[in-house]
Amino acid sequence: MNGEDDQKINSNEAGSSMEYSSQVSTESDDENLKRAQNFMMGITGASPPKFVSLEEIMKATNGLKNMALAHEIAVDKNFKLEKLESDDNALHKQVKEIIHKAFWTLLEEQLAEEPPNYTQALILLKEIKETLDELVLPHHKKIRDNINEVLDVDLIKQQAENGVLDFQHYAHYVMNIMSKVCAPVRDEKIKELHELTNVVDTFRGIMEILQLMKLDLANFTITMMRPNIIASSIEYEKMKFAEFLKVQTDGLNYTRKWLLLHLDEKKIATALNDSNTIKQITHCLLAEAYLDLLQFDFTPNAETLMLDQGRLLELRDKTNRMSIISSVLLLVNNIAGPAIQGVSSFKMKIKDHLNVILESVHSNKDLETVMPNVLVQVKADLKATLEEIGAPPMPSEIETILDGQILDLVNPEHKIRYLVNLRIRQFLEKLILSQSAAPQQIPPGLSSLQQELASISAQFLILVSHNRSVFGDYYQDIVAEALQHAENNKIIAMEET
């Protein structure tokens, strides 16, 4: 091979030449599908049931599975395919290990025969050639031609039949090709392969790394194609959700209740006087509806949220965890006095320790259970910090006040917790309603958790934006229908009087 071919092909050359197949699936996609299926089965409407064929149901279900995968890529900027592990299925794992062991054992036995039997070896080389064909991009024609020339299955078969097949030679050739087309992260693994002396162990390692390289290329392609995937996902989800609605009696029942929760008389009066405000009212109602999802004990059960239930619950827990930690820091700063204020190491300790304690908290009831542990940890960190900075210990009467205030944080209406929650909500509301990308000021009292707030905001805005792009027409129709219903009621009331 010439010098051009000998140059390493970096993974950033992958480009868009590889098409990503929706057949690839991950465990999270399966969970989303199950959740969607369970959701479909659990929804009932007031109107009589209509009959649909099994084919229609299967089509809608398969559509939701593909929609879930496209959605996953679109809303998770860190989406990455992972090597599928079967540890959660002991039987599947055991069968897989037995089959793999049998293959490599047979290969070893055949190569040890006199003369060597290359039946398994030929099967292996053919599979390796096919995998390399997938990994080498079309514009690397010289490398592809060289692979086809060297890994010529018919030629290798003739060599085996004539007893002149050098299996070790092909192993080194394959490893050299792999080193040219792999991502830099695999260099060390391939270097370790070159150090192996047992040919069977070498080929076993080759197969393992080739599978990882296929994942690397798929993940890089997903990253490169993300803008196109996001745009396509919006239209694809619209189409698949429309198919879902066709086989569902009232597929927007819970969505309607969720969206209209904040439709009050004032908004209705405004809309009835000006029909052009429906879009703006929908925009405002959605902002409030989305923000409700971040409250403890609020479950995102709207049909239009079913693919993001897990993500929304996680964001809800992160938001409340941030709120509790911020409330604790404000209380300690106010009650413990100037000595502790401005000590960044204390704030970091509290954040790190409370994040661990609050990890299991998913509701206000959970919070009641762990709050005594929160108090113990805060007092321990406070005592240690006061000793470190040479400040006197906190007086017992002040400590008693601090105990009561921290334990009272289990009440959502606690004035400090309520204030922090309000500031978080108002901050996120500005981001959702903003028509520009202008930076927003971090709310007072949350500067110590700026990084956490930024992370939550970014994830939340991606979900809101994507959801609104996909289901915006449905939301506007729901609001328009509700306003029309209100207007009809108003006319009836006027006629009756």
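Leaving aside neighbours within four places in sequence, Ser 323 is in contact with Arg 417, Val 420, Asn 421 and Ile 424, where contact means heavy atoms within 4.5 Å. Ser 323 belongs to helix α15, helices (H or I, at least four residues) and strands (E, at least two) being DSSP runs numbered from the N terminus. With a relative accessibility of 1%, Ser 323 counts as buried; the classes are buried for under 20% relative accessible area, exposed for over 50% and partly exposed in between, with a 1.4 Å probe and protein chains only.

The model is a predicted one, in which local features need pLDDT of at least 70 and side-chain atom pairs count only at pLDDT 80 or more, whereas totals for chains, interfaces and linings use all residues. Residues are numbered from 1 along each chain as its sequence is written, and side-chain values use heavy atoms, with hydrogens and water left out.

For the chain as a whole, the secondary structure comes to 20 helices and zero strands. Of its 497 residues, 43% count as buried. Among contacts between residues at least 6 apart in sequence, 76% join residues at least 24 apart.

Helix α18 provides a further example of such a pairing, through Gln 405, which is placed in that helix. Gln 405 and Val 332 are 73 residues apart in sequence, and their C-alpha atoms are 9.4 Å apart in space. Not counting residues up to four places away in sequence, Gln 405 touches Leu 331, Ile 335 and His 414. Its relative accessibility of 23% is the reason why Gln 405 counts as partly exposed.

Two packed helices are described by the angle between their axes and the distance between the axes. For helix α17 (residues 364-388) and helix α18 (residues 396-407), the axes come within 9 Å and cross at roughly 140 degrees; the axes are lines fitted to C-alpha atoms, for helices over the stretch in contact, and angles run from 0 to 180 degrees between N-to-C directions. The crossing of α17 past α18 is right-handed, a crossing being left-handed if the near helix is turned anticlockwise from the far one by less than a right angle, and right-handed if clockwise. On the α17 side the contact is made by Met 371, Pro 372, Val 374, Leu 375, Val 378, Lys 379 and Leu 382, and on the α18 side by Glu 399, Leu 402, Asp 403, Ile 406 and Leu 407. These residues divide into nine nonpolar, no polar and three charged, where Ala, Val, Leu, Ile, Met, Phe, Trp, Tyr, Cys and Pro count as nonpolar, Asp, Glu, Lys and Arg as charged, and the others, Gly among them, as polar.

The structure also holds five cavities of 30 Å³ or more. On a 1 Å grid over the protein atoms alone, a cavity is a set of points where a 1.4 Å probe fits but cannot get out, and lining residues have an atom within 4 Å of a point; grid points are joined across faces, edges and corners, and a volume is the space filled by probe spheres set on the points. The second largest cavity has a volume of about 50 Å³. Its lining consists of Tyr 290, Leu 293, Leu 305, Asp 308, Leu 312, Phe 460, Leu 463, Val 464 and Asn 467, and by class these comprise seven nonpolar, one polar and one charged residues. Helix α20 (residues 450-496) gives the most to this lining, with four residues.

Two loops show particular backbone features. In the loop between α14 (278-292) and α15 (309-336) lies Asp 297, whose phi is near 65 degrees, a positive value in a residue other than glycine. Asp 297 counts as exposed because its relative accessibility is 51%. In the loop between α4 (90-112) and α5 (119-135) lies Pro 115, which is joined to Glu 114 by a cis peptide bond with omega about 0 degrees.

Two further positions in helices are partly exposed. Gln 280, found in helix α14, has a relative accessibility of 46% and so counts as partly exposed. The C-alpha atoms of Gln 280 and Gln 476 are separated by 9.5 Å, with the two residues 196 apart along the chain. Glu 192 lies in helix α9 (residues 187-194) and counts as partly exposed at 40% relative accessibility. Glu 192 and Thr 202 are ten residues apart along the chain, and their C-alpha atoms are separated by 9.5 Å.

Technical notes. 1 Å grid on protein atoms, 1.4 Å probe; cavity = no way out; pocket = protein on both sides within 12 Å on 5 of 7 lines; lining within 4 Å.
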